[in-house]
Amino acid sequence: MVIKVFLASSSGSTAIKKKQQDVVGFLEALKVDYTQLDIACNEENRMWMRQNVPEDRKPTNGIPLPPQIFNEASYCGDYDTFFDAKEDNSVYAFLGLPPPPGSKEAEKADKADIVENGTHAEETNTVGNLDDLIEVPVEERNGNTHREEEKLQQAADEEEEAQDGEEEAEITEGETADKEETAGDETPMEEEEAVEEADEVTEDIAHAEEEEGQEEEDLQSEEEEELLQLEEEEEAEVEEDEEEDLEETQEEEAE
């Protein structure tokens, strides 16, 4: 299975470029096999991407923006869903890939299996205990008292064995939990470094968006100042014209 990442190589949006770098950098850090498909220079890639993004995952204008991620022909998601999976340590599940041994995602899956298997064992033991508590028919008890005593003793022995089995299961589960904690301390450094690099790229995206917003505010402020200056100059010209008219009127009256 090959992961497909649809990108726009000549995008004019700084935010889109940062998001694309975030996705590609994280996949490379995890050593995930992927292919970049450019929608800016290849119309077929653009049309395929738009047609295969599910309708309920498209924006209101119906045109999905890069980056968009697929596993072969199966849609994985856009940057927002990728970022959520990265924060939840579930990127491999997001991509539809099995997590590598020793990763945080693999440890979560192992814990889920342990919980599921432990619950199943408890249910089995409960059923077994109910079978042990079934009473011997009255006819057999009255007909053979000795046999009844043997069965009661057998039931007691089986119950004791079941309790011993539960204690062993608890000990085994405790040892498994200790191994999981130890494995957690030995998480591969590559994944931690990948998360740190991805976080840095995410911070760069936020910083770039903040700078764009500041540039827009500065531009708007400059336009307002220029407009105010023009209004002041027009008012000054109007006042000068009025003063000249007044002087001419006074001179004519004086004559």
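Colleague: Hi! Let's start with the cysteines: is Cys41 buried or exposed?

Modeller: Hello! In this predicted model, Cys41 is exposed, with a relative accessible area of 66%.

Colleague: And Cys76, buried or exposed?

Modeller: Cys76 is buried, and its relative accessible area comes to 11%.

Colleague: Why does that count as buried?

Modeller: Because buried means under 20% relative accessible area, and Cys76 has 11%. Cys41, at 66%, is over the 50% that marks a residue as exposed.

Colleague: Okay, and how many disulfides does a search of the whole structure find?

Modeller: Zero disulfides turn up when the whole structure is searched.

Colleague: Thanks. Let me step back to the overall fold. How many helices and strands are there in the protein?

Modeller: There are eight helices and four strands. Starting at the N terminus, the order of the elements is β-α-β-α-β-β-α-α-α-α-α-α.

Colleague: What share of the residues counts as buried?

Modeller: The protein has 255 residues, and 21% of them count as buried.

Colleague: How about contacts between residues 24 or more positions apart, what do they account for?

Modeller: They make up 64% of the contacts in the protein that have a separation of 6 or more.

Colleague: New topic: helix packing. At what angle do H1 and H3 pack?

Modeller: Helix H1, residues 14–29, packs against helix H3, residues 79–87, at about 45 degrees, and their axes are 11 Å apart. The two helices are therefore oblique to each other.

Colleague: Is the crossing left-handed or right-handed?

Modeller: Left-handed, as H1 passes H3.

Colleague: Which residues meet there?

Modeller: From H1 you have Lys19, Asp22, Val23 and Phe26, and from H3 they meet Tyr79, Phe82 and Lys86. Sorted by class, that contact has four nonpolar residues, three charged and no polar ones.

Colleague: Nice. One more spot I'd like to look at: where is Val32 found?

Modeller: Val32 lies in the loop that runs between H1 and strand E2, the strand at 34–38.

Colleague: Is Val32 buried or exposed?

Modeller: Val32 is buried, with a relative accessible area of 10%.

Colleague: So which residues is Val32 in contact with, leaving aside its neighbours within four places in sequence?

Modeller: Apart from those neighbours, Val32 contacts Ile3, Leu27, Tyr92, Leu95 and Leu97.

Colleague: And how many residues apart in sequence are Val32 and Ile3?

Modeller: They are 29 residues apart in sequence, while their C-alpha atoms are 8.0 Å apart in space.

Colleague: Great, thank you!

Notes:
Residues are numbered from 1 along each chain as its sequence is written. This is a predicted model: local features need pLDDT of at least 70, side-chain atom pairs count only at pLDDT 80 or more; totals for chains, interfaces and linings use all residues. Side-chain values use heavy atoms; hydrogens and water are left out. Axes are lines fitted to C-alpha atoms, for helices over the stretch in contact, and angles run from 0 to 180 degrees between N-to-C directions. Angles under 35 degrees count as roughly parallel, over 145 as roughly antiparallel, 65 to 115 as roughly perpendicular and the rest as oblique. A crossing is left-handed if the near helix is turned anticlockwise from the far one by less than a right angle, and right-handed if clockwise. Contact means heavy atoms within 4.5 Å. Ala, Val, Leu, Ile, Met, Phe, Trp, Tyr, Cys and Pro count as nonpolar, Asp, Glu, Lys and Arg as charged, and the others, Gly among them, as polar. A disulfide is a pair of cysteine sulfur atoms within 2.5 Å. Buried means under 20% relative accessible area, exposed over 50%, partly exposed in between (1.4 Å probe, protein chains only).
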